[in-house]
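Welcome, and thank you for joining this tour. Please open the viewer, get your selection tool ready, and follow along stop by stop.

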Amino acid sequence: MEGDRGVVLATERYGSAESWKYFGKDDSHFNILFQSVFLPQGYPESVSSDYLQYQFWDTMQAFSSSLSGTLATQASLKGVGVGNQEATVAAATITWLLRDGTGMLGRILFAWRKGSKLDSEAKKWRLFADVLNDFAMFLEILAPYFPAFFTLIVCTAGIFKSIVGVAGGATRAALTVHQARRDNMADISAKDGSQETLVNLAGLLVSLVLIPLVTDNPILTLSLFFLFTTLHLFANYKAVRSVVMETFNEARLSIVLQQYLTDSRILSPAEANQREPVFFGKNCGFADCFLYLILAQSKPLPPFISLLNVNTGAFSHLHNAYFLFSFKGHWDMVHESHKLMDKIFSPFLKGVEAAGWDLKRTLLDWDEWRVGWKTKSN
């Protein structure tokens with residue numbers, strides 16, 4: 001029996017009492033080697049509890065994306081003239097340079113406009129990047145069938161792929177910060193690269209079988225592409241849904257606060273993350289929820305409150321607050337809001353800490369203003 005239970009690590013005995021034996025898990029050398037090569041050191045204690053589930057779905061999406069990419073690459077090569085005796089090397093090179101150049105510009109512009117949102121809304125932008133990547137590959141597959149617009153189509157696809165590179169890489173870094181529980185972000189990132197390389201190698205082997213089948217067969221090419229794309233999007237959705245972040249962003253704070261205003265219950269990180277929208281849906285902001293809190297506690301309610309749908313908590317923008325405060329006789333609500341916040345802030349703060357939320361840092365959106373001036377010389 002002892003041989004079936006594993007290796008004896010230690011034996012403990014007190015006086016003449018019965019002894020206790022501690023058995024180690026008898027893993028095979030292959031399992032130990034696989035874990036050391038592809039999983040972070042100290043797994044599973046060194047990573048977040050959602051690591052394995054996320055990596056499983058991330059592996060599925062990477063495999064399907066690799067196969068879709070093979071079909072798109074074949075179409076692009078065909079479009080630039082591979083296999084066509086009339087095509088010139090110069091024309092193919094110019095097309096490739098134009099695609100890369102427009103992609104570089106797209107990368108810079110996207111990072112400028114949306115770079116500050118990629119931390120706080122990592123789930124949304126991660127899913128957005130994969131949807132956009134599938135659309136870009138679809139354009140590359142269609143491009144050879146529209147030779148007059150081939151360069152325009154591949155340049156558009158290049159812009160989309162450059163955006164994917166920025167959004168995908170940045171959000172992956174944000175998720176790595178979440179997964180690293182021993183400040184081992186570099187190790188997790190390196191092992192994630194090893195996992196992805198292994199998946200791409202498997203995709204390469206499958207692609208060697210697919211390429212002869214889909215060559216000069218557009219119907220089969222599109223059918224397989226839509227099959228792989230469906231699997232890719234489903235796996236991506238499951239991946240971002242499996243992530244349980246313990247830090248507040250605007251959406252998660254709004255969800256927790258709305259529930260607290262309803263029944264004084266604090267949602268756990270797992271519950272709030274399940275309710276967090278991963279598509280680009282509108283979510284009640286923190287300022288709107290706080291305004292709802294003020295109005296809900298006002299006795300009696302102003303007669304025009306129904307215009308703002310206070311009873312359902314359906315606010316759209318903070319300008320509703322300015323609309324409300326502009327009425328004569330209700331400026332005292334500004335003063336009352338301060339007292340009300342003092343009343344609820346302490347129990348709300350203690351509640352979120354007890355529920356397991358990490359308040360040492362947040363992912364709330366922020367704005368920054370800077371002013372510069374020059375000293376006037378005499």
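**Getting your bearings**

Start by colouring the chain by pLDDT, the predictor's confidence in each residue, from 0 to 100: the chain has a mean of 79, and 71% of its residues reach 70 or more. This is a predicted model, in which local features need pLDDT of at least 70 and side-chain atom pairs count only at pLDDT 80 or more, while totals for chains, interfaces and linings use all residues. Residues are numbered from 1 along each chain as its sequence is written, and side-chain values use heavy atoms, with hydrogens and water left out.

Now switch to a cartoon view, where you will find 13 helices and two strands. Helices (H or I, at least four residues) and strands (E, at least two) are DSSP runs, numbered from the N terminus.

Select residues 269-275, helix H10, where confidence is highest at a mean of 94. Then select helix H12, residues 319-325, where confidence is lowest, at a mean of 44. Over residues 295-329 the pLDDT is below 50, although this stretch has 46 contacts in the model beyond near neighbours in sequence; contact means heavy atoms within 4.5 Å. Where pLDDT is low, the predicted coordinates should not be read in detail.

**Into the core**

Of the 378 residues in the chain, 39% are buried. Buried means under 20% relative accessible area, exposed over 50%, and partly exposed in between (1.4 Å probe, protein chains only).

Which residues make up the largest nonpolar core? Select Phe248, Leu253, Ile255, Val256, Leu257, Tyr260, Ile266, Leu267, Ala272, Phe348, Val352 and Trp357, twelve residues in all. A nonpolar core is a set of buried Ala, Val, Leu, Ile, Met, Phe, Trp, Tyr and Cys residues joined through side-chain atoms within 4.5 Å. Helices H9 (250-263) and H13 (332-354) each supply at least two residues of this core, and H9 gives the largest share, five residues.

Zoom in on Ile266: leaving aside neighbours within four places in sequence, Ile266 is in contact with Val256, Tyr260, Phe348, Gly351, Val352 and Ala355. Apart from this core lies another, of eleven residues, including Ala75, Ile141, Phe225 and Phe228.

**Aromatic rings**

Next, show the aromatic side chains; a search of the whole structure finds 13 aromatic pairs. Rings of Phe, Tyr and Trp (its six-membered ring) pair if their centres lie within 6.5 Å; planes under 30 degrees apart count as stacked, over 60 as edge-to-face and the rest as tilted.

Select Phe110 and Trp125: their ring centres are 5.6 Å apart and their planes at 70 degrees, so this pair is edge-to-face. Phe110 belongs to helix H4 (residues 89-114) and Trp125 to helix H5 (residues 122-142), 15 residues apart. Both Phe110 and Trp125 are buried.

Move on to Phe138 and Phe226, a tilted pair with 5.7 Å from centre to centre and 45 degrees between the planes. Phe138 is in H5 and Phe226 in helix H8 (residues 218-242), 88 residues apart. Phe138 is partly exposed, with a relative accessible area of 22%, and Phe226 is partly exposed too, at 45%.

Select all of H8: its 25 residues should span 36 Å at 1.5 Å a residue, which agrees with the 36 Å between its end C-alpha atoms. The expected span is 1.5 Å times one less than the number of residues. Among the buried residues of H8 are Leu224, Phe225, Phe228, His232 and Ala235.

Then pick Val199 in helix H7, buried at 10% relative accessibility. Beyond neighbours within four places in sequence, Val199 is in contact with Thr59, Ala62 and Phe63. Val199 and Ser66 are 133 residues apart in sequence but 8.2 Å apart in space, C-alpha to C-alpha.

Most residues other than glycine have a negative phi, and most peptide bonds are trans. Where is a cis peptide bond to be found? Select Tyr43 and Pro44, which are joined by one with omega of about 5 degrees; Pro44 is in the loop between helix H2 (29-38) and helix H3 (51-79).

Asp216, not a glycine, has a positive phi of about 60 degrees. Asp216 is in the loop between helix H7 (185-214) and H8, and is exposed, with a relative accessible area of 65%.

Finish at Ser264, again not a glycine, with a positive phi of about 60 degrees. Ser264 is in the loop between H9 and H10, and is exposed at 55%.
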